[in-house]
Amino acid sequence: MIYKRSSQLFAEAQKVIPGGVNSPVRAFKAVGGEPIFVERAEGAYFYDEDGNKLIDYINSWGPLILGHAHRPVIDAVVEKAKKGTSFGTPTEIETKIAELAVKMVPNIDKIRMVNSGTEACMSAVRLARGFTGKEKIIKFAGCYHGHSDSFLIQAGSGAVTFGTPNSPGVTQGTAKDTLLATYNDLENVKKLVEANKNEIACIILEPVAGNMGCIPPAEGFLEGLRKICDETGILLVFDEVMTGFRLAPGGVQERVGVKADIVCFGKVIGGGLPVGAFAARNEIMDYLAPVGPVYQAGTLSGNPLAMAAGLAMLTELDSKREIFESLEKKTEYLHKGMEEVLQANNIDFTINRIGSMISVHFGKEPVNDFASAAKSANLGFFNKFFHGMLENGIYIAPSAYETWFISDALSYEDLDNTIEAVDKVARTF
Ligand code: KE4
């Protein structure tokens, strides 16, 4: 593959954009090399600035579950744009997408649109704190909820004390209210709750983790968190920015039958335009301004253009539920094919998969929390795997801590080409 033009564009970009990117993970820092600049995308394919055609397993980090430039979404956006893009007034289309989301997702009565997953999770935590009158939150190591200060926290000194900032600019004052737990470890959560009795507003987590690679919840983990919250009045917040409208029409709540008190959305709900959202039952959502005292706002929240993309996306996912079965089958096919060729090449690996989320981890041990994900990532095989796949025309996430996203635009021929690429790369290990 030739990347001459991308390299020129990257040099220019770095002069006027920090690191040449508007989001760090795109810069290939974790895997080495220079990022690829994409000129256009259609269906399952990227067409980069050097004319290379790549099979895309990122789908803009999840939103494009039906593939790039999906005609019904594009048509909706073009038609809406002709009438203006944003008015800063209420519009009917906001009610239409809210009604559809409330219909699709269990346990929610109302939804508030924002402009990113970060905003959704940040607002959900403020709402939980306002509703409960408590200040602390529990999050899990390896779960990512966007870049709001309360989430940029790493393990603190004591096992049951508060975290410490993991980014300059995050204050100790903020970090003291974030407790860090171990994913899939209920006993650890119980210890934290016990040590911070009556001080915790919410437990927030990715109900299926996608930022440590893909890590499904252990048997009984979500049910155990629900029980802890029912017993203590702590709110359970599902960050479904990645899993929402992907793992089932109603997300993980529908898939596993565990009720969250607040649910956060992003990615798919925007159909590829900037949309995030958070939702809950009336009792909680009516605590939000202008009805209740918890303030939250946004100039472009619910703008008609983004709502048109999101509504077109959700309408198709709601009316063609066979899409979810198709996604499951394609992901299972890819899983089995990759498993076969990696085993045939005597590579130590594990593949985690649920629905249309899948990740490959190198090493002998299972990957079920942040520590085991880090152990696998630190073996160094992933970077070689990433560049080998890229050389074979397959674009996967440039980090061992990310999930592959399957879009329904992928054909079985694309999947076979991907499996063949895995085989070729494995032979070079
Ligand atoms: P955004 O603010 O990036 O829209 O959403 C933040 C967020 C919240 N919750 C979960 C579970 C998420 O996965 C994300 C964002 N995901 C990353 C990729 N793992 C976005 C990619 C990026 O940061 O550029």
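A salt bridge is taken here as a side-chain nitrogen of Lys or Arg within 4 Å of a carboxyl oxygen of Asp or Glu. By that rule, 2 salt bridges cross the interface of domain 1 and domain 2. Arg321 forms a salt bridge with Asp318, with 2.5 Å between the closest N and O atoms.

The model is predicted: local features need pLDDT of at least 70, side-chain atom pairs count only at pLDDT 80 or more, and totals for chains, interfaces and linings use all residues. Residues are numbered from 1 along each chain as its sequence is written, and side-chain values use heavy atoms, with hydrogens and water left out.

The domain bounds, which come from an automatic or database domain assignment, are 4-69 + 321-426 for domain 1 and 71-319 for domain 2. Taken over C-alpha atoms, the centres of the two domains are 25 Å apart.

| Interface item | Value |
|---|---|
| Area buried between the domains | about 2,700 Å² |
| Share of buried area on carbon and sulfur atoms | 62% |

In domain 1, the residues that lose the most area to domain 2 are Arg321, Phe324 and Ile354, together 25% of what that side buries.

Key:
Buried area = accessible area lost by both parts, 1.4 Å probe.
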